[in-house]
Amino acid sequence: MAKESIKARQRKRVAMVEKYAEKRKALKEAGDYKALDLLPKNASPVRLKNRCQLTGRPRGYMRHFGLSRNQFRDMALEGKIPGVKKASW
């Protein structure tokens, strides 16, 4: 499980990206790169990292479910994810 400070930093970045999204889009369309450079660095969506919603784990992230592979496996075996079951052949 990721440290709480790392998860908090990620939540802060997500909020900042959402806050400045419209302004960044308008500045990019206008070609005003000087003003774009004055915005906070964490307002850039490139600085976001895909992390598990439950644990904050950055590796083994499954985009479709928003979970790490470990949490996905646990939840799938418990039947908490609809439409997912263990394969056997």
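Because the model is predicted, local features need pLDDT of at least 70 and side-chain atom pairs count only at pLDDT 80 or more, while totals for chains, interfaces and linings use all residues. Residues are numbered from 1 along each chain as its sequence is written, and side-chain values use heavy atoms, with hydrogens and water left out.

The domain assignment, which is an automatic or database one, gives domain 1 (1-49) and domain 2 (50-82). Seven residues of domain 1 are in contact with six residues of domain 2, contact meaning heavy atoms within 4.5 Å. Buried area is the accessible area (1.4 Å probe) that two parts lose on being put together, summed over both.

| Domain 1 and domain 2 | Value |
|---|---|
| Separation of C-alpha centres | 25 Å |
| Buried area | about 540 Å² |
| Share of buried area from carbon and sulfur atoms | 59% |

In domain 1, Met1, Lys7 and Lys49 lose the most area to domain 2, together 68% of what that side buries.

Leu54 is placed in the loop between α2 (33-38) and β1 (61-62), where helices (H or I, at least four residues) and strands (E, at least two) are DSSP runs numbered from the N terminus. With a relative accessible area of 44%, Leu54 is partly exposed, since that class lies between buried (under 20%) and exposed (over 50%), with a 1.4 Å probe and protein chains only. Not counting residues up to four places away in sequence, Leu54 touches Lys7, Leu67, Gln71 and Met75.
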